[in-house]
Amino acid sequence: MIIFKYLALIKDVFLSNFKRLSSPYKLNFVVTKSCNSKCLNCNIWEIKPKDELGLDEIEKFAKTTPQLKWIDFTGGEPTNRKDLPEIVSIFNKHCKNLLFVHFPTNGIKTDRIVEMVKAIKKIGNFKVVITVSIDGPQEVNDKLRGVPGDFIKSVATYKELKKIKGVDTYIGTTLFNSNYLYLDQMFSELKDHIPSIIKKDIHINLGHHSDHYYGNGESQDINPSMKVYKEIERFSGKGKFGFTPFSLVEGIYRRHLKKYVENGVTPMSCRSQETSIYLSETGVIYPCSMWDHPLLNIRDHNYDLGQILESSEAQESSRLIQEKKCSQCWTPCEAYQSVLGNFLS
């Protein structure tokens, strides 16, 4: 029953408030760097995918991570990997308490995306959460994401995904200097196409630099600042967070967002590498998606995450994280686990 999966996750979250966990409950897994977007603030699409982990390798790794309860499958465009449902099935097979499966999508190939989501939903008894990326009103979005007609295609994908019973679908908006003033216009245009949409259906994130993930270290458009924070608060409504567990976590995230943009320092003790870990498409383990600090490759360590986390390299990176000598970020991919790990304080 899914209630027991919730209880297993709650147990991990509770323990993470008192001690460092021996193994993470969340995985951020880049299944492919293939991408059919051409985003101005992300250079993943310029990478020609090669040497990506095969299904047999993924299964070897999954066998060593039965404790996983939450997996973000990301890219690139995750659905560009035709065996994505098989990958999800592998983790569902070996992670008996898998509760959340999430992936973002650019929304360009509606039929393929919908087909894959339907296939994934049939795999197991877990929550499926999909985020469709839209970064502004039509003209701004299409320029930023580099594909003519991207806005209309993404809206169509969102509408089709909302029809699938048991799938939670949201709009994901990343803010940069070039688009943070267009939230109202974006929402108005979305309303024209999706009359039922409300602001809580839109999850807003700040743009971040990450050399190993996005390859965007040179982007001048990425500048988390107070002016962007104020637009988020104005648009979303200060203090209007709701009463679901997710809404509470998002509310705490946003309250600490102000501290982050003021000084550029992660506003609470980071739980990366302890509660979550990042696996690249070629098998390299990183503490998180933002910090360009590779640990070791699972291919060189029997595909065993435990071996890597016990290594001297992992112990040293853990020390650096605790001393705030990492990249310092506040992106939901990493921040939500930190919020949960500091919840009682």
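Reply: T110, I113, V114 and V117 in helix 4 meet K153, A156, T157, E160 and L161 in helix 6, where contact means heavy atoms within 4.5 Å. By class, five of the residues in this contact are nonpolar, two polar and two charged; Ala, Val, Leu, Ile, Met, Phe, Trp, Tyr, Cys and Pro count as nonpolar, Asp, Glu, Lys and Arg as charged, and the others, Gly among them, as polar. The model is a predicted one, in which local features need pLDDT of at least 70 and side-chain atom pairs count only at pLDDT 80 or more, while totals for chains, interfaces and linings use all residues. Residues are numbered from 1 along each chain as its sequence is written, and side-chain values use heavy atoms, with hydrogens and water left out.

Helix 6 comprises residues 150–161, and its axis comes within 9 Å of that of helix 4, with a crossing angle of roughly 25 degrees. Axes are lines fitted to C-alpha atoms, for helices over the stretch in contact, and angles run from 0 to 180 degrees between N-to-C directions. Helix 4 and helix 6 are therefore roughly parallel; angles under 35 degrees count as such, those over 145 as roughly antiparallel, 65 to 115 as roughly perpendicular and the rest as oblique. Their crossing is right-handed, a crossing being right-handed if the near helix is turned clockwise from the far one by less than a right angle, and left-handed if anticlockwise.

Helix 4 (residues 110–121) also packs with helix 3, at an angle of about 20 degrees and with the axes 9 Å apart. The angle therefore makes this pair roughly parallel, and helix 3 passes helix 4 in a right-handed crossing. Here M116, A119 and I120 of helix 4 meet L84, P85 and V88 of helix 3. The residues of this contact comprise six nonpolar, no polar and no charged.

Helix 3 (residues 84–94) leads on to the sheet, lying across strand 1 (26–30), strand 2 (70–74) and strand 3, and running at about 160 degrees to strand 2. Helix 7 (residues 183–193) packs on the sheet as well, touching strand 5 (167–175) and strand 6, and its direction makes about 150 degrees with that of strand 6. The sheet is open and consists of eight strands in the order 6-5-4-3-2-1-7-8, with mixed pairing; two strands pair if DSSP finds at least two bridges between them. Strand 6 (202–206) and strand 8 (285–286) stand at the edges with a single partner strand each, so one side of each has no neighbour in the sheet. Strand 3 (residues 100–105) pairs with strand 4 (residues 127–133) in the parallel sense over six bridges, and P104 has T131 in strand 4 as its bridge partner.

In the loop between strand 2 and helix 3 lies G76, which is joined to G75 by a cis peptide bond with omega of about 25 degrees.

For the whole protein chain, the secondary structure comes to 12 helices and eight strands. Helices (H or I, at least four residues) and strands (E, at least two) are DSSP runs, numbered from the N terminus. The C-alpha atoms fill a box of roughly 50 × 45 × 40 Å along the principal axes.
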